[in-house]
Amino acid sequence: MPNVSLTKTPMPEQEPRARAKNFGEVALGYSPKQAMAEAGRCLGCKTRPCVGGCPVNVDIPAFLAAAAAGDFAGAYGVIRQTNALPAVCGRVCPQESQCEQLCVRGKKGEAVGIGRVERFAADWALEAKCSEKSAPSQGQPSNPRPAEPPQKRAGEALRVAVIGAGPAGLSCAGELARRGYQVTIFEALHKPGGVLVYGIPEFRLPKRIVAAEIEGLRRQGVAFELNAVIGKTITVEELLGEFSAVFIGSGAGLPNFMNIPGENYNGVYSANEYLTRANLMRAFDPAYDTPTIQSKKVAVVGGGNVAMDAARCALRLGAREVSIVYRRTEAEMPARREEIHHAAEEGVRFVLLTAPVRVLGDENRHVCGLECVQMQLGEPGADGRRRVSELPGTNFVMELDTVIVAIGNKPNTLVEEGTAGLETNRHNCLLVRENSLQTMRDGVFAGGDIVTGAATVILAMGAGRQAAAEIDDYLQK
Ligand code: FAD
Ligand code: SF4
């Protein structure tokens, strides 16, 4: 057996000091030679543990074998059998806690860089304009498109409405279109993509990648109605009059706040607002009118991917000092390890075991500081996470001009308004029937963050795909 490296083939990246000043992509992607070398580290295990760790069960050993042999179209074809957005997933999936966590290669050295090779194959295919149909796939797609579209009456294909153009809605629409349905996506914003366009920054996920994936859906015949706020412009009830079934994938875009004094001062933003200005409204781009946020010293409260994205955007928008304020330690941070590492490399400070108690404002009600208290870790609670408590008498003040709150999001309840039979739990999440994604209302299905609360791209995509299969079953009965 040839000598195989115990570590991953390094990912070429922009140099930290340079990239902290631009919105260009941080990770530059493998060359064909690097992708083949990394894929060649796969042991081709018969037990295939990595596949079980992927929420959409991509046939990982098969695509790695194809990539290792230089058959990138074949690799892409395998991934596309179960994953509608591989160029996105290769960039943003938390592989270290999914497929790569179970990788046998990782027991002695580093796991195979599954996500990195996935990204390479997807980028290669996008570059080569390799469509799902033209990519020579190994084996048949799991749900081949039927020869005849499903019909209500002769000549009339069944129509399905999808609410929300995020990963859940896009993957549901793609799967339904592949099964022959006429699909219209209703999206509240002026651009489709959900968090992929308004939340995750350009330097982690270039918007041309998302646009190319969406173009693929348009080519499949999916129609988009933009600036359509369901619950306001049209209700689900009205959609049910026009469409045979409805899928709700409206996400969890309502930010949580800290509920501490001073939180309404100027200069306090939710991460959602801050990131939307920076990404969707392109505040960094002089060609756009969006006012830039001129901060010098910024605190971002939270320890998830959203907090890392906001902190790194603040640096790129010109802030001199950016701190992450988090009440536990780095080990408990929910953000991907790679994002924490990149943020630290770029100069973001980590103020850990610290919780804000009060925002301080000047005479113009503009933020001038954040009073914090130190915290200590206790025993794990019922959810397995270690509890935290304040250390009395340890209050201190951070001087700053901007506070960005990134402590989680929940679904807003707009979609449910005016529609009988849709039920939610106390976190605003839509309730679905046991072992199904059908809501309490017949013909209305839901999936992604609107059902689970804020989660991941791949879980939302898995839910969209599952819902499409259930809608197909429901309409074919
Ligand atoms: P969304 O992506 O939120 O899409 C919902 C769509 O529905 C939106 O376009 C919204 O405008 C639209 N909508 C809402 N209400 C209505 C309405 N009434 N009418 C019509 N349309 C409506 N996950 C990862 O896996 N990796 C990461 O690195 C990662 N980073 C993240 C960074 C940020 C800043 C954020 C906010 C999230 C991140 N996530 C990450 C989480 C991930 O993006 C979400 O779990 C995922 O996007 C959920 O998909 P969704 O389709 O359910 O919802
Ligand atoms: Fe390859 Fe790792 Fe999967 Fe084994 S577990 S088949 S080494 S990717």
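Helix α4 passes α7 in a left-handed crossing, a term used if the near helix is turned anticlockwise from the far one by less than a right angle, with right-handed meaning clockwise. The model is predicted, so that local features need pLDDT of at least 70 and side-chain atom pairs count only at pLDDT 80 or more, while totals for chains, interfaces and linings use all residues. Residues are numbered from 1 along each chain as its sequence is written, chains are lettered from A and ligands numbered from 1 in the order in which they are written, and side-chain values use heavy atoms, with hydrogens and water left out.

The table gives the axis geometry, where axes are lines fitted to C-alpha atoms, for helices over the stretch in contact, and angles run from 0 to 180 degrees between N-to-C directions.

| Pair | Axes come within | Crossing angle |
|---|---|---|
| α4 and α7 (residues 114-127) | 11 Å | roughly 60° |
| α4 (residues 60-68) and α5 (residues 72-80) | 7 Å | roughly 165° |

Therefore α4 and α7 are oblique to each other, whereas α4 and α5 are roughly antiparallel; angles under 35 degrees count as roughly parallel, over 145 as roughly antiparallel, 65 to 115 as roughly perpendicular and the rest as oblique.

In contact, meaning heavy atoms within 4.5 Å, Ile60, Phe63, Leu64 and Ala67 of α4 meet Ile114, Val117 and Glu118 of α7. The crossing of α4 and α5 is left-handed, and there Ala62, Phe63, Ala66 and Ala67 of α4 meet Phe72, Gly74, Ala75, Val78 and Ile79 of α5.

Terms used: Helix = DSSP H or I, 4+ residues; strand = E, 2+ residues; numbered from the N terminus.
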